[in-house]
Amino acid sequence: MRRWSWVLLAAGVLAESGCGHAGQVSPTGSPVRVEVTNQFALPMEIHILAGGADHRLGTVHPGMTIRFTVPQAMIGNGSVELQADPGPGNPTARSGVLLLAPGDIVEWHIGAQPFNSPITVHSPRPKD
């Protein structure tokens, strides 16, 4: 019996080491951070959408950069999308589909024209 428990333990450790985001290891509890810079003329309401849920992160005023922390529950079930909404009658900026993992840092620069809003995802690097 004891031999089987060691085999199962070793298999579990190997399986754990194979899981990671793009071959990189990050702690499960590490938050995903979203840094939004708004160059649009109006304040933008920032939302994250995942699995049918919509979570408001906050507001970014023109010319400002704000950092948000994404709730862990929003990134655990696959892809997400960020949206920036300046209000009725104005164009909404969308990030497109993102696959995020714990510890990722998202930089989103909302341009003067919201459809031109580049987004970059930085994944944590493993420590040597």
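The following legends describe close-up views of a predicted model of a single chain.

Residues are numbered from 1 along each chain as its sequence is written. The model being predicted, local features need pLDDT of at least 70 and side-chain atom pairs count only at pLDDT 80 or more, whereas totals for chains, interfaces and linings use all residues; side-chain values use heavy atoms, with hydrogens and water left out.

**Figure 1. Overview of the chain, with 2 helices and 8 strands.** Helices (H or I, at least four residues) and strands (E, at least two) are DSSP runs numbered from the N terminus. In order from the N terminus, the elements read α-β-β-β-β-α-β-β-β-β. Of the 128 residues in the chain, 30% are buried; buried denotes under 20% relative accessible area, exposed over 50%, and partly exposed the range in between (1.4 Å probe, protein chains only). The chain exposes about 8200 Å², of which carbon and sulfur atoms supply 58%; accessible areas come from the Shrake-Rupley method with a 1.4 Å probe, and for residues only the protein chains shown count as cover. Among contacts (heavy atoms within 4.5 Å) between residues at least 6 apart in sequence, 53% join residues at least 24 apart.

**Figure 2. The mixed open sheet, with strand order S4-S1-S7-S8.** This sheet is formed by 4 strands, where two strands pair if DSSP finds at least two bridges between them. Strand S4 (65–70) and strand S8 (119–122) are the edge strands, each pairing on one side only. Neighbouring strands of the sheet are turned by 15 degrees against each other on average, direction ignored; axes are lines fitted to C-alpha atoms, for helices over the stretch in contact, and angles run from 0 to 180 degrees between N-to-C directions. Strand S7 (residues 105–110) pairs with S8 in the antiparallel sense over 4 bridges. Histidine 122 in S8 is the bridge partner of isoleucine 105.

**Figure 3. The antiparallel open sheet, with strand order S3-S2-S5-S6.** Strand S3 (53–60) and strand S6 (93–99) each have a single partner strand, so one side of each is left without a neighbour in the sheet. From one strand to the next, the twist averages 20 degrees. Strand S2 (residues 44–50) and S3 are joined in the antiparallel sense over 7 bridges. Alanine 50 stands opposite alanine 53 in S3.

Figure 4. Asparagine 38 counts as buried because its relative accessibility is 0%. Its side chain makes polar contacts (pairs of N or O atoms within 3.5 Å; within protein, one must be able to donate a hydrogen and the other to accept it, and residues adjacent in sequence count only if both atoms are side-chain atoms). The side chain of asparagine 38 reaches the backbone oxygen of leucine 42 at 3.0 Å and the backbone oxygen of valine 60 at 2.9 Å. Leaving aside neighbours within four places in sequence, the contacts of asparagine 38 include Pro43, Met44, His61, Pro62 and Ile110.

**Figure 5. The salt bridges of the chain, 2 in count.** A salt bridge is a side-chain nitrogen of Lys or Arg within 4 Å of a carboxyl oxygen of Asp or Glu. Arginine 67 is bridged to glutamate 35, with the closest N and O atoms 2.9 Å apart. This pair links arginine 67 in strand S4 to glutamate 35 in strand S1, 32 residues apart. Arginine 67 counts as exposed, at 65% relative accessibility. Arginine 56 is bridged to glutamate 45, with the closest N and O atoms 2.5 Å apart. Here arginine 56 lies in strand S3 and glutamate 45 in strand S2, 11 residues apart. Arginine 56 is partly exposed, with a relative accessible area of 44%, and glutamate 45 is partly exposed, with 27%.
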